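Please look through the sequence and the model shown here, and then work through the questions that follow.

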Amino acid sequence: MRILYLGDIVGRSGRTAIRERLLPLRNRLRADFVVVNGENATAGAGLSGDHAKAMLDSGVDVLTLGDHAFDQKDMLTFIERERRIIRPVNFAKQAPGVGSRVFDAPGGRKVLVAQVLGQVFMKRAFDDPFSAVDNILRTHPLGGMVQAIVLDVHCEATSEKMAMGHFCDGRASMVVGSHTHVPTADAQILPSGTAFQADAGMCGDYNSVIGMDKAEPMRRFVTGMGKGRFEPANGEATLSGLFVVTDDRTGKATTVQMIRDGGRLQASGPE
């Protein structure tokens, strides 16, 4: 199976890039399945129902969220109606929606998509991510009821993401990090066959501070004082992510490639 994962959509710039460039990218890669993190798509904080629908209509098969999952209050009800949106599995137990789900892919194949929040440097104390993921993987063995498993690890620390990658090695098709908005140069296939990248980066304007207009973050860093809220930068976005080809029989990765399309970052991906 040919699977494309794209990192956090940030603001209008990221939404526009998904709407205008995802389908051509998907066709060029001949991707069977596309997962995109959408948790910063609406004004840089959360995802609204209208924006979620627009992204799903633009060629996204599944949207994942994160620690800002319900910053846009209509997502509290929208996620219950839209099965193609996944929130973190270790979020509050009373939260609406689910943290993992099996989806249909072309050719009668099945893909499990799951998301988990890390604990290191995060502002809130979330439930143990490792036991949460272990429970999912034990009940969905690769090569059994699912042909591929995609795990979005939404957290700050690259060390925690790397530990999760090794924890899932051989049990997931791909483990990819989100949340920090900067792509790491460590795309690889781990020893037991799981594709990994500590952070996929963002779908946003990189002439920014992690997708936000530079003025306010720089003011806070330089003076220690804020003047207003962060606003997403609105220049041309780079679509950043990870493209993985898996073996349907084993569910393990056979190739892995970083994706950078458009915008300011140097292009990367299959020709």
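Q: In which sense do S4 and S5 pair, parallel or antiparallel?
A: This is a predicted model, in which local features need pLDDT of at least 70 and side-chain atom pairs count only at pLDDT 80 or more, while totals for chains, interfaces and linings use all residues. Residues are numbered from 1 along each chain as its sequence is written, and side-chain values use heavy atoms, with hydrogens and water left out. Strands (E, at least two residues) are DSSP runs numbered from the N terminus, as are helices (H or I, at least four), and two strands pair if DSSP finds at least two bridges between them. S4 and S5 are joined over two bridges, and the sense of their pairing is parallel.

Q: Which residue in S5 stands opposite Leu 63?
A: The six strands of the open sheet run in the order S5-S4-S3-S1-S13-S14, with mixed pairing, and S5 is an edge strand that pairs on one side only. The residue of S5 that stands opposite Leu 63 is Ile 85.

Q: Which backbone oxygen does the side chain of Asn 90 reach?
A: Asn 90 is found in the loop between strand S5 (85-86) and strand S6 (100-105). With a relative accessible area of 3%, Asn 90 is buried, a class that means under 20%, against over 50% for exposed and in between for partly exposed, using a 1.4 Å probe and protein chains only. Leaving aside neighbours within four places in sequence, Asn 90 is in contact (heavy atoms within 4.5 Å) with residues including Phe 126, Asp 128 and Pro 129. At 2.8 Å, its side chain reaches the backbone oxygen of Asp 127.

Q: How many aromatic pairs are there, by the ring-centre rule?
A: Rings of Phe, Tyr and Trp (its six-membered ring) pair if their centres lie within 6.5 Å, and planes under 30 degrees apart count as stacked, over 60 as edge-to-face and the rest as tilted. By this rule the count is three.

Q: What is the angle between the planes of Phe 33 and Phe 103?
A: The two rings form a tilted pair, 6.3 Å centre to centre. The pair links distant parts of the chain, 70 residues apart, with Phe 33 in strand S3 and Phe 103 in strand S6. Phe 33 counts as buried because its relative accessibility is 2%, and Phe 103 is likewise buried at 9%. The angle between their planes is 45 degrees.

Terms used:
A polar contact is a pair of N or O atoms within 3.5 Å; within protein, one must be able to donate a hydrogen and the other to accept it, and residues adjacent in sequence count only if both atoms are side-chain atoms.
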